[in-house]
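Please read the points below with the sequence and the model open.

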Amino acid sequence: RFIDHGHIGRAGDIGGVGAHGWAGGSGSDLTVAGSGGDIWGSGDEFHFAYRTLSGDGSIVARVTGVDYYDAWSKGGVMMRDSLAPGSAHAFMLVSAGKGLAFQRRTAHGGGSANTAGPGGGAPAYVKLIRAGNAFNAYTSPDGYNWLHVGGEWISMGSTIYVGLAVTSHSDGTVASASF
């Protein structure tokens, strides 16, 4: 869990964002707000609420809303090799206007790839599973019936960063997503 007695794990901005983001919540509700140009290309700008994960594991969240500042304003679950802007990562997201997608960077500083999921937006469940260096992304309307969106082999260390990522896709503007 990211929230224990009203406290989240760790949170911070990744990359050179134009406005600082934040994360907070209580119980099982969490809001993450982030600025940044995007989570894409060879370097990212966003806000990340995270914990570390050693070995195999998964993360599941229900995205209940994403502010619309751009069609690609987005929030979702991420597994990341490091906190560097160009880190390899896997990201299952809900966008404000482009549907759901599995995005990833398979090598540090490399380019990004996108696999479109279903259209629509929040609310939607998103899930990532790591088994070794195999990463698989899923979505569900109800948290029970899961659709496999895509998978990728991404070389990451044994301990990675796992959490909730949000970018406004409009640097200097802070967009929030609710989980």
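**Notes on the predicted model**

1. Four strands make up an open sheet in the order β7-β13-β14-β15, with antiparallel pairing. Strands here are DSSP runs of E with at least two residues, and helices are runs of H or I with at least four residues, numbered from the N terminus. Two strands are said to pair if DSSP finds at least two bridges between them. β7 (57-63) and β15 are the edge strands; each has a single partner strand, so one side of each is left without a neighbour in the sheet. From one strand to the next the twist averages 15 degrees, where axes are lines fitted to C-alpha atoms (for helices over the stretch in contact) and angles run from 0 to 180 degrees between N-to-C directions.

2. On the basis of the model: this is a prediction, in which local features need pLDDT of at least 70 and side-chain atom pairs count only at pLDDT 80 or more, while totals for chains, interfaces and linings use all residues. Residues are numbered from 1 along each chain as its sequence is written, and side-chain values use heavy atoms, with hydrogens and water left out.

3. On confidence: pLDDT is the predictor's confidence in each residue, from 0 to 100. The protein chain has a mean pLDDT of 95, and 96% of its residues reach 70 or more. Residues 3-7 have pLDDT below 50, and this stretch has 11 contacts in the model beyond near neighbours in sequence. A contact means heavy atoms within 4.5 Å.

4. Within the sheet of point 1, strand β13 (residues 124-131) is joined to β14 by 7 bridges, and the two run antiparallel. Ile129 stands opposite Asn136 in β14. On its other pairing, β14 is joined to strand β15 (residues 147-153) by 6 bridges, again antiparallel. Phe135 has Glu152 of β15 as its bridge partner.

5. The hairpin of β14 and β15 has 6 residues between the strands, and Gly143 there takes a positive phi near 85 degrees. The backbone nitrogen of Gly143 is reached by the side chain of Ser140 at 2.7 Å. This falls under polar contacts: a pair of N or O atoms within 3.5 Å, where within protein one must be able to donate a hydrogen and the other to accept it, and residues adjacent in sequence count only if both atoms are side-chain atoms.

6. Is Ser140 buried or exposed? Ser140 belongs to strand β14 (residues 134-140) and is buried, with a relative accessible area of 2%. Buried means under 20% relative accessible area, exposed over 50%, and partly exposed in between (1.4 Å probe, protein chains only). Not counting residues up to four places away in sequence, Ser140 touches Ala124, Tyr125, Asn145 and Trp146.

7. The count of salt bridges comes to 4, a salt bridge being a side-chain nitrogen of Lys or Arg within 4 Å of a carboxyl oxygen of Asp or Glu. One of them joins the side chains of Arg80 and Asp44 (2.9 Å, N to O). Arg80 lies in strand β9 (residues 74-80) and Asp44 in strand β5 (residues 43-44), so this pair ties together parts 36 residues apart in sequence. Both Arg80 and Asp44 are buried.

8. Asp44 also forms a salt bridge with Arg105, with the closest N and O atoms 2.6 Å apart. This pair links strand β5 to strand β11 (residues 100-105), the residues being 61 apart. Both Asp44 and Arg105 are buried.

9. Arg104 lies in strand β11 and Glu152 in strand β15, so the pair ties together parts 48 residues apart in sequence. Arg104 is buried, with a relative accessible area of 9%, whereas Glu152 is partly exposed, at 26%.

10. A further open sheet of 4 strands has the order β2-β3-β17-β8, with antiparallel pairing. β2 (22-26) and β8 (65-66) stand at its edges, each with a single partner strand, so one side of each lacks a neighbour in the sheet. β8 is joined to strand β17 (residues 175-178) by 2 bridges, and Val66 has Ala177 as its bridge partner in β17.

11. Leu83 lies in the loop between β9 and β10 (89-95) and is partly exposed, with a relative accessible area of 30%. Leaving aside neighbours within four places in sequence, Leu83 is in contact with Ile14, Phe48, Tyr50 and Tyr161.
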